Structures are given as structure tokens and as C-alpha cells.
Amino acid sequence: MNINLLIQLLIILEESPNPRAVVTELEQVIDDCGFEYYGLLRHLPQNPVQQNPEPRAAALAGRWPEQWPQIYTAKKYVLIDPMVRYLVHAQRPFRWRESLAAFGKDAQQRRMEQMMVDAFGHGLEDGYIFPVHGRNGILGSLSLAGKPVELSPVEIALFEAVARKSFWRLLELKDEAQALETVLPADTPLTRREMEILHYLAEGMTSMEISKMLKISNHTVDWYMNGLQNKLKAKNRQQAVALAFRHRLIS
């Protein structure tokens, strides 16, 4: 039964006209397969300018137990979450308990176990994670959770396909897919000044703050930024910075 639902979902997602339709169809099948909670995430490149940067992700869609996101954030579980850490290296879908077992001798094992106890107490008894990969590593993931559900190998493979299809379809409908697929030409180096401005932008500085830092005019900063956006094929400054990190132009 689940196999037919998942195959049908892959077809429906391709024809979904807007993000809301994608999420509605995805949630219906997730419910029908026995999962109460889920999260479809877009993983963001880390900013190397920050000291000890935390893993970052943006939710494309999701449904979690009440208060759990606040508890997760307040206790800084993201820093020790075994699923998050395992996901960085995982090439295939995995079950939550596999990630916890992988860090059995880790210095943070007790905190990991406490996190899992907290999660269990909020109805997150078990789960699966399906990575979405791109050329440069992890791009996103689909998490399914709730009471234990035994998925067959075929169902796991189909959910992996659903994760990719949902991820890319949502980005396409939001006009954000092209930025992830852009390949920067190797013969487009950035100048020293462009690199400086990108670093300051990545730190959250405004054009006025950058102009004072570099002792140049706001107009000159904007001129450099227009050139950077053209080189990186970015629609705005935020996208230019994101593409620079993704393509390792800033390090």
C-alpha cells in the first residue's frame, strides 16, 4: 500500500502548481505511512567568518510536537544532535538509532542520550532521515518521526526519491533552484577588493559601514557589488554572499 502511495506522490509532486500543493500532498502521504511528525530542511553553507559556527538549516516545510522546537533551541541540542552530525557524512538514508550508535564513544554521548530521552517524551520515539545531496555535499534532508514505523528497503528507496523531488520542486516553485545549480566559470576570479567587500557583507555590514571601513564612498561599494552580482549571476547581495560560500570563493 505504501509503495503505491509513494509512487503516486512522485507523479503528483511533478505536477503540483504551487508550494502549498506540494506540502499538502507530502503531508498526506506522510500521515498515511504512519508518521506523525516531519521536517523538510534546506541546509545552508556555514559562514567561515564566524567562530564555532552552528549548523544551519532553513525549514521548507514541517510539523513537530508543541514546545519541542523551543526546547531543542534552548538546550542547544543542535550542537550535539547525533542525527545532524551523522547527516554530514551520510550518503544514504538512516534511522535515528543508527546515528546514536555511531557516536557511542563520543565525549557528548550522555548529552546525546538526554536529547533522545527528551525527544521520546515529546512523542519523537523513532525516525528516519533522508539526505538530499548536491555536487558539493549535503543540500537538504527529509526527517520522518513519531512512533516506530518499519519501512521496507523499497519504501526507504521511494521515500529517498520523495525527499529529493519535494526539495527540488519547492525550490523550483519558489524560484530558488537555479541558484543551487549555478556553476561558476573557473576563469572569473574575484579581485582583492571584491573579496574584502564579500567578507564584510558576510559579517552583516551595510554599504555605509563597509565604505567607512575601506575608506571609499557608498557609490564605490555599490559599484563593486553590481560587478560581483554579475560575476556570480546573483539576483541580490544576499544571494551573492550565499553563492560565494557555496562555491568556496570565501574561506
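Analyst: **Charged side chains and their surroundings**

The side chains of Lys235 and Asp175 form a salt bridge, with N and O 2.6 Å apart; the term stands for a side-chain nitrogen of Lys or Arg within 4 Å of a carboxyl oxygen of Asp or Glu. This pair links distant parts of the chain, since Lys235 sits in the loop between α11 (218-232) and α12 (237-246), Asp175 sits in the loop between α7 and α8 (177-181), and the two are 60 residues apart. Helices here are DSSP runs of H or I with at least four residues, numbered from the N terminus. Lys235 is exposed, with a relative accessible area of 53%; exposed means over 50%, buried under 20%, and partly exposed in between, using a 1.4 Å probe and protein chains only.

This is a predicted model, in which local features need pLDDT of at least 70 and side-chain atom pairs count only at pLDDT 80 or more, while totals for chains, interfaces and linings use all residues. Residues are numbered from 1 along each chain as its sequence is written, and side-chain values use heavy atoms, with hydrogens and water left out.

In helix α7, Arg169 and Glu172 are three residues apart, about one turn of the helix, and their side chains meet in a salt bridge of 3.2 Å, N to O. Arg169 counts as buried because its relative accessibility is 15%, whereas Glu172, at 44%, counts as partly exposed. Arg192 likewise forms a salt bridge with Glu196, the closest N and O atoms being 2.9 Å apart. Because Arg192 and Glu196 are four residues apart in helix α9 (residues 192-202), about one helical turn separates them. An α-helix has 3.6 residues a turn, so residues three or four places apart point the same way. Arg192 is exposed, at 60% relative accessible area, and Glu196 is partly exposed, at 24%. Elsewhere, salt bridges link Arg95, Asp126 and Glu150 in a network.

Glu155, in helix α7 (residues 153-173), is another matter: this residue is buried yet has no salt bridge, and the nearest side chain of opposite charge, Arg95, is 9.9 Å away. For charge, Lys and Arg count as positive and Asp and Glu as negative, while His and the chain ends are not counted. The side chain of Glu155 does make a polar contact of 3.3 Å with that of Asn2 (a pair of N or O atoms within 3.5 Å; within protein, one must be able to donate a hydrogen and the other to accept it, and residues adjacent in sequence count only if both atoms are side-chain atoms). Leaving aside neighbours within four places in sequence, Glu155 is in contact, meaning heavy atoms within 4.5 Å, with Asn2, Ile3, Leu6 and Glu150.

Returning to α12, Asn236 caps the N-terminal end of this helix, a side-chain oxygen lying 3.2 Å from the backbone nitrogen of Gln238. The helix is mostly covered, with seven of its 10 residues buried, and one of the buried residues is a charged one, Arg246; Phe245 and Leu243 are also among them.
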